[in-house]
Amino acid sequence: MITKPKGTKDIYGMEAKCWQYVSRVIDEVMEKYNYNFIRVPVFESSELFHRGVGETTDIVTKETYDFTDRGGRSMTLRPEGTAGVVRSFIENKVYGDDNKPAKYYYNMPMYRYERPQAGRLRELTQFGMEIIGTDDPLSDAEIISLAVNIYSLLGLKGIKVNINSLGDSKSRNNYREALIKHFEPHKDELCSDCIERLEKNPLRILDCKVDKDKEIMKTAPKTIDYLNEESKERFEKVKEYLEIMQVKYVVDPSVVRGLDYYNHTVFEIEADIEGFGAQNVIGGGGRYNNMVEQLGGPSTPAIGFAAGFDRLMIALEKENKLPKIDNSVDLFLLYVNEDEKKYAAYLTNELRMSGFIVETDYLARSLKAGFKQADRLNSKFTIVLNSDDLKNNEVKVKNNKTREEELVSVDALIYYLDENIVDEESSLDEHECNCNNSSDHECSCDKTCKCKDKE
Ligand code: HAM
């Protein structure tokens with residue numbers, strides 16, 4: 001048997017339906033924030049990620065899927081979305097003032113050759129968002145609150161937002177020197193990768209998976225202590241906007257992110273859920289004011305965020321917040337002879353085009369087995385086509401809930417079904433309403449909510 005590659009997943013059945021539902025919620029939220037969907041290639045020239053993500057990051061040095069195409073070009077499967085989106089922004093010359101800021105979002109698979117474990121895959125899915133063309137601290141706060149709002153609209157409670165600032169390039173240089181001063185005397189305690197990082201990019205020592213628990217890491221200088229006045233003021237502004245937007249956060253100086261392109265605001269969102277496991281960072285992002293220029297475009301500030309879709313689904317499952325999926329079909333059409341089957345072919349097509357979810361039989365089932373199948377599919381109605389009824393331009397419609405049968409004129413069938421089919425749309429699990437309204441009120445929350453005053 002040929003099996004799937006290590007670190008990949010088949011998503012099918014109910015799980016696939018949950019994924020689609022969550023994707024739709026993301027689409028709806030992103031639309032409200034006026035972000036445009038973008039799709040970029042699954043592979044790009046390797047140089048893009050080397051220059052965009054950084055030569056000294058683990059992602060680029062150890063985790064990329066690289067290949068040479070038949071034309072001898074060096075290609076890489078995208079390990080993340082930001083570099084591709086920025087490449088597209090530059091290549092399509094979106095940088096004119098009228099288009100700024102350009103707001104994009106995506107939901108796509110990424111590829112990282114990591115050691116697979118729960119919540120860590122080689123083919124992972126991320127949904128992400130980027131605002132390119134503004135340095136306004138409001139955009140930093142907006143991205144963070146947007147991420148938090150998506151999680152909270154999905155009903156996820158246990159999240160923790162950790163923010164930090166790496167400052168501007170001057171602050172980063174000061175910090176870099178402080179790190180060299182700190183680690184240099186302890187060089188022999190570091191792993192061989194970190195010794196190399198000490199020369200090339202000491203910040204990357206801080207996200208080393210090998211040295212992470214050593215004392216020398218715990219006593220390392222903190223970015224926040226090396227911010228110049230301008231960077232400090234900027235960070236204060238971001239925090240002020242977050243407070244106005246009522247986003248709860250913690251300033252965590254250990255957040256430095258594993259990619260090279262960040263400056264100023266960086267943040268990670270953690271699943272604060274019992275038993276979630278080690279891979280608890282469900283999303284992360286930050287400002288990357290230099291990437292557009294580094295990749296050949298005009299100097300353009302930007303900020304973005306990406307969330308692990310796979311980890312989000314684990315979090316929803318752990319909190320029992322997976323959406324309840326309405327898995328029913330509207331109508332199952334049964335027939336016995338070939339003439340009725342031909343009519344079934346016509347009618348299923350008509351009804352589907354009119355917006356109904358319609359199934360029929362493709363396995364020459366007996367009527368008895370057909371009824372069973374209709375039950376299995378939670379069909380709301382069943383029609384058994386019968387040549388005599390069809391002569392009168394009628395069909396027999398059975399309501400599978402009440403078990404009542406009615407002869408309905410084919411001309412009126414669509415109206416009949418419209419009247420009688422009650423849509424039980426997929427809904428999020430019951431959630432506690434966060435409308436903060438304790439007095440009597442009609443709750444405007446449109447979810448199944450526990451708000452005690454809601455009728
Ligand atoms: P990242 O922190 O590398 O950032 O990835 C974002 C999220 O993707 C992580 O927080 C995690 O939830 C998920 N993730 C990463 N690797 C894996 C994996 N192997 N298996 C499962 N999930 C994973 C970025 O990719 C940046 N591009 C984010 C960004 C956008 N910064 C600015 N704009």
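Is F43 buried, exposed or partly exposed? F43 counts as partly exposed, because its relative accessibility is 42%, a value between the cut-offs of 20% for buried and 50% for exposed. The views below come from a predicted model.

**View 1. Aromatic pairs, with F43 and F67 as the example.** Searching the whole structure gives 12 aromatic pairs. In the pair of F43 and F67, the ring centres are 5.9 Å apart and the planes meet at 65°, so this pair is edge-to-face. An angle over 60 degrees is what places a pair in that class. F43 belongs to strand β2 (residues 43–45) and F67 to strand β3 (residues 66–68), so the pair ties together parts that lie 24 residues apart in sequence. F67 has a relative accessibility of 34% and therefore counts as partly exposed.

**View 2. The pair of F381 and Y416.** Here the ring centres of F381 and Y416 are 6.3 Å apart and the planes are at 75°, so the pair is edge-to-face. F381 is in strand β14 (residues 381–384), while Y416 is in helix α15 (residues 413–420). The pair links distant parts of the chain, 35 residues apart. F381 and Y416 are both buried.

**View 3. An aromatic cluster of W19, F127 and F309.** The residues W19, F127 and F309 together form one aromatic cluster.

**View 4. R122 and the ring of Y113.** R122 lies over the face of Y113. The distance from R122 to the centre of the Y113 ring is 3.9 Å.

Conventions
Residues are numbered from 1 along each chain as its sequence is written. This is a predicted model: local features need pLDDT of at least 70, side-chain atom pairs count only at pLDDT 80 or more; totals for chains, interfaces and linings use all residues. Side-chain values use heavy atoms; hydrogens and water are left out. Rings of Phe, Tyr and Trp (its six-membered ring) pair if their centres lie within 6.5 Å; planes under 30 degrees apart count as stacked, over 60 as edge-to-face and the rest as tilted. Helices (H or I, at least four residues) and strands (E, at least two) are DSSP runs, numbered from the N terminus. Buried means under 20% relative accessible area, exposed over 50%, partly exposed in between (1.4 Å probe, protein chains only). A charge sits over a ring if NZ of Lys or CZ of Arg is within 6 Å of the ring centre and within 35 degrees of the ring normal.
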